[in-house]
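Here are my notes to read alongside the model. Keep the viewer open and turn to each spot as you reach it.

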Amino acid sequence: MFEAITQIGTVHSAFDEPSDPETMRERESTIVIDEAYSDGLYRIEDSDHLVVVFYIHEADAPTLRGPRRYGVERGTFASRSPHRPSPIGTTTVELLERDGRELLVRGLDAIDGTPVLDLKPYAPSLDRPTRETDRRADPRGHVERAIADRDREAVLLEAGGIHGHYCPYLALGVMAGVHAMRELGATSDGFEDLIAVTETNSCFADGVQVATGCTVGNNALVYRDLGKTAMTLVRRSAPDAGVRVHVKEREAIVERDYPEANALFERVIADGEGTDADRERLAERWAEVAFDLLDRPIGELCDIQTGVAVDLPDPAPIYEDAICAACGESVMAPKTVERDAERFCRACAGAEYHQLDGRGCSWIESDRVGSS
Ligand SMILES: [Zn+2]
Ligand SMILES: [Zn+2]
């Protein structure tokens with residue numbers, strides 16, 4: 001009926017007849033893929049879990065409401081019964097090891113000789129039912145779930161939404177943030193219980209903000225102008241138990257492992273040369289590098305310290321407003337300066353102020369000396 005359905009391999013198992021599925025799933029088995037389909041296994045070992053689709057070749061005649069091993073009686077389509085009109089099984093297994101065309105797996109409830117029809121990587125973001133709660137009630141729920149599922153890709157996709165482009169440093173920020181969140185077992189509700197300290201304000205910082213939920217705006221992000229691609233995550237309730245992640249070789253990772261993308265970056269961004277087509281190609285290559293980095297073990301790229309003591313600032317104060325005597329705009333009272341018994345904003349008073357920009361923090365001399 002469907003000629004495109006093909007056996008791509010065979011299960012080798014210690015079970016040569018059906019047994020209790022629970023017992024079967026505890027044991028390891030091997031899936032041997034036919035030579036003709038071996039190229040389809042390219043990079044399959046990047047996945048920890050696979051969905052195995054197989055033909056239940058020794059199934060009994062199909063029933064629509066069969067006896068069940070346990071539980072209440074159900075229709076076949078409401079159960080996992082093997083005796084189905086289309087005797088096809090699907091099981092999510094753990095991929096333990098790949099040796100050429102042989103995949104050592106755990107969790108497969110298929111007997112020896114079972115024909116395998118297909119393999120797919122298990123993707124929590126696709127295969128898990130969307131536990132999509134009300135985003136109004138739980139604005140970070142989807143990010144927290146992605147972190148719990150080790151789904152760094154979903155967090156990077158979210159980070160791309162505020163960062164505007166994908167780049168290796170954004171990916172490293174996501175990796176650092178996700179790792180620290182998992183290490184600390186933390187969640188963030190955006191109310192300053194969880195604090196991230198970033199030592200750079202590069203692309204990395206955006207990845208950290210999205211992964212941790214600690215941002216400039218919710219006062220849970222502390223910026224230390226140290227120029228290191230590093231972040232520390234800590235709870236106010238346990239300020240000596242921070243987790244610090246430092247990117248070992250910020251430049252070298254890209255220079256060494258992605259030289260073609262790096263050369264393009266040098267030409268287009270660092271030297272400001274290159275055509276529009278080069279720019280477009282850089283965006284594509286940079287995104288490839290970003291998503292590729294996510295698959296690498298974090299220990300390869302970063303140093304990780306736990307039990308780091310962090311000197312935290314007090315929670316953000318709520319300041320009263322004052323009105324500037326010159327421009328008439330409202331301004332947080334402690335930010336004003338007093339002249340001749342009147343309050344002025346720093347701009348009108350020609351006073352210096354702090355600025356955070358691409359260079360880091362600096363003092364800026366106001367150009368509006370005196371009031372206008
Ligand atoms: Zn970037
Ligand atoms: Zn003013």
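**Notes on the model**

1. Start with the overall layout. The centres of domain 1 and domain 2, taken over C-alpha atoms, are 38 Å apart. Keep in mind that what you're looking at is a predicted model. The protein chain splits into domain 1 (9-122), domain 2 (141-308) and domain 3 (321-364).

2. Next, find the open sheet. Its five strands come in the order β8-β7-β9-β10-β11, and the pairing is mixed. At the edges you'll see β8 (221-223) and β11 (302-308), each of which pairs on one side only. From one strand to the next, the twist averages 15 degrees.

3. Now zoom in on one pair of strands. As background, strands of a sheet pair through backbone hydrogen bonds, and they can do this in a parallel or an antiparallel way. Here, β9 (residues 230-235) and β10 (residues 238-247) go for the antiparallel sense, with five bridges. To see one bridge for yourself, pick L233: its partner in β10 is V243.

4. There's a helix to look at here too. Helix α5 (residues 168-184) lies across β7 (194-198), β9, β10 and β11. Relative to β9, α5 runs at about 25 degrees.

5. Which residues coordinate the zinc ion (ligand 1)? They are H163 and H165, each through NE2, plus C167 and C203, each through SG, at 2.1 to 2.3 Å. Along the chain, these donors follow the spacing H-x1-H-x1-C-x35-C. The arrangement is irregular because the four donor atoms subtend angles of 90 to 135 degrees around the zinc ion (ligand 1).

6. You'll find H163 in helix α4 (residues 152-163). Is H163 buried or exposed? H163 counts as buried because its relative accessibility is 15%, and C167 is buried as well. Leaving out residues up to four places away in sequence, H163 touches L170, C203 and D206. Also try H163 and F204: they are 41 residues apart along the chain, and their C-alpha atoms are separated by 9.9 Å.

7. Move on to the zinc ion (ligand 2). Its protein donors are the SG atoms of C324, C327, C345 and C348, which lie 2.2 to 2.4 Å from it. The angles among the four donor atoms are 98 to 122 degrees, and the site is tetrahedral. In sequence, the donor residues are spaced C-x2-C-x17-C-x2-C.

8. C327 has 32% relative accessibility, so it counts as partly exposed. C348, with a relative accessible area of 2%, is buried.

9. Finally, check some backbone angles. Most residues other than glycine have a negative phi. R43 isn't a glycine, yet its phi is positive, at about 65 degrees. R43 sits in the loop between β2 (28-33) and β3 (49-55), and at 36% relative accessibility it counts as partly exposed. D340, also a residue other than glycine, has a positive phi near 50 degrees. Look for D340 in the loop between β14 (337-339) and β15 (342-344); with 79% relative accessibility, D340 counts as exposed.

Key
Residues numbered from 1 in each chain as written. Chains lettered and ligands numbered in written order. Predicted model: local features only at pLDDT ≥ 70, side-chain atom pairs only at ≥ 80, totals over all residues. Heavy atoms only, no water. Domains from an automatic or database assignment. Pairing = 2+ DSSP bridges. Helix = DSSP H or I, 4+ residues; strand = E, 2+ residues; numbered from the N terminus. Axes fitted to C-alpha atoms, helices over the stretch in contact; angles between N-to-C directions. Contact = heavy atoms within 4.5 Å. Donors = N, O, S within 2.8 Å, 3.2 Å for Na, K, Ca; no water. Tetrahedral: all angles 85-135°; square planar, octahedral: opposite > 155°, others 65-115°. Buried < 20%, exposed > 50% of the residue type's maximum accessible area, 1.4 Å probe, protein only.
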